[in-house]
Amino acid sequence: MRYLLLISEPRGQREARSEDEGRALYAEMVAFGEGLGGKLLASESLRPDRHGVRVQVQHERPVLRDGPFAEAKEMIGGFFLLDCAGLDEAIAIARACPAARFATVEVRECAPCFES
């Protein structure tokens with residue numbers, strides 16, 4: 001089964017770190033991903049939400065909202081897409097993720113949108 005680990009971090013946390021601290025955390029996250037071997041299907045770090053754009057279509061017209069998104073206290077900082085035997089394995093991997101020390105790691109099973 002495929003699971004997505006979403007890394008939700010407090011906004012402004014990255015800017016509070018020195019470049020050396022940021023590079024060290026990034027290297028730790030990369031090493032963690034590499035250590036997952038065949039379980040890792042994809043992973044990416046994402047730029048802060050001030051670089052993002054939200055897109056909606058209202059009355060058949062696109063509405064674009066540039067980041068940062070004022071209503072959000074956290075931002076998605078990155079993700080890991082995994083192939084796991086089940087939820088317990090995905091949770092175990094999330095618990096071992098270095099990001100769990102400074103952010104929230106949300107575990108979500110991938111499934112068609114029509115399944116509840």
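This is a predicted model: local features need pLDDT of at least 70, side-chain atom pairs count only at pLDDT 80 or more; totals for chains, interfaces and linings use all residues.
Is His59 buried or exposed in this structure? His59 is exposed, with a relative accessible area of 80%, where buried means under 20% relative accessible area, exposed means over 50%, and partly exposed lies in between, all taken with a 1.4 Å probe and protein chains only. Residues are numbered from 1 along each chain as its sequence is written, and side-chain values use heavy atoms, with hydrogens and water left out.

The chain as a whole comes next. The chain contains 3 helices and 6 strands, these being DSSP runs numbered from the N terminus, with helices (H or I) of at least four residues and strands (E) of at least two. Followed along the sequence, these elements give the pattern β-α-α-β-β-β-β-α-β. The C-alpha trace spans about 45 × 45 × 20 Å along its principal axes, and buried residues make up 28% of the 116 residues. If contact is taken to mean heavy atoms within 4.5 Å, then residues 24 or more positions apart account for 77% of the contacts in the chain with a separation of 6 or more.

An open sheet is formed by 4 strands in the order 2-5-1-6, with antiparallel pairing, where two strands pair if DSSP finds at least two bridges between them. Strand 2 and strand 6 (104-109) stand at the edges with a single partner strand each, so one side of each is left without a neighbour in the sheet. Direction ignored, neighbouring strands of this sheet are turned by 20 degrees against each other on average, the axes being lines fitted to C-alpha atoms (for helices over the stretch in contact) and the angles running from 0 to 180 degrees between N-to-C directions. Strand 1 (residues 2-10) pairs with strand 6 in the antiparallel sense over 6 bridges, and one of the residues involved is Tyr3, whose bridge partner in strand 6 is Glu109.

Glu9, found in strand 1, is buried with a relative accessible area of 3%, and its side chain makes a polar contact of 3.0 Å with the side chain of Arg14. A polar contact is a pair of N or O atoms within 3.5 Å; within protein, one must be able to donate a hydrogen and the other to accept it, and residues adjacent in sequence count only if both atoms are side-chain atoms. Leu41, by comparison, lies in strand 2 and counts as partly exposed at 44% relative accessibility. Leaving aside neighbours within four places in sequence, Leu41 is in contact with Arg2, Leu81, Leu82 and Asp83.

A search of the whole structure finds 1 aromatic pair, where rings of Phe, Tyr and Trp (its six-membered ring) pair if their centres lie within 6.5 Å, and planes under 30 degrees apart count as stacked, over 60 as edge-to-face and the rest as tilted. The rings of Phe32 and Phe80 have centres 5.4 Å apart and planes at 85 degrees, so the pair is edge-to-face. Phe32 lies in helix 2 (residues 19-35) and Phe80 in strand 5 (residues 74-83), so the pair ties together parts that are 48 residues apart in sequence. Phe32 counts as buried at 14% relative accessibility, and Phe80 is buried at 5%.

The loops remain. Asp49 is placed in the loop between strand 2 (40-45) and strand 3 (53-58), and at 10% relative accessibility Asp49 counts as buried. The side chains of Asp49 and Arg11 are joined by a polar contact of 2.8 Å, and among the contacts of Asp49 beyond its neighbours within four places in sequence are Gly67 and Pro68. The peptide bond between these two, from Gly67 to Pro68, is cis, with omega near 5 degrees, and Pro68 belongs to the loop between strand 4 (61-66) and strand 5.

The opening residue, His59, has its place in the loop between strand 3 and strand 4, and has a positive phi of about 55 degrees although it is not a glycine. Glu60 also has its place in the loop between strand 3 and strand 4, with a positive phi near 65 degrees, and Glu60 is exposed, with a relative accessible area of 77%.
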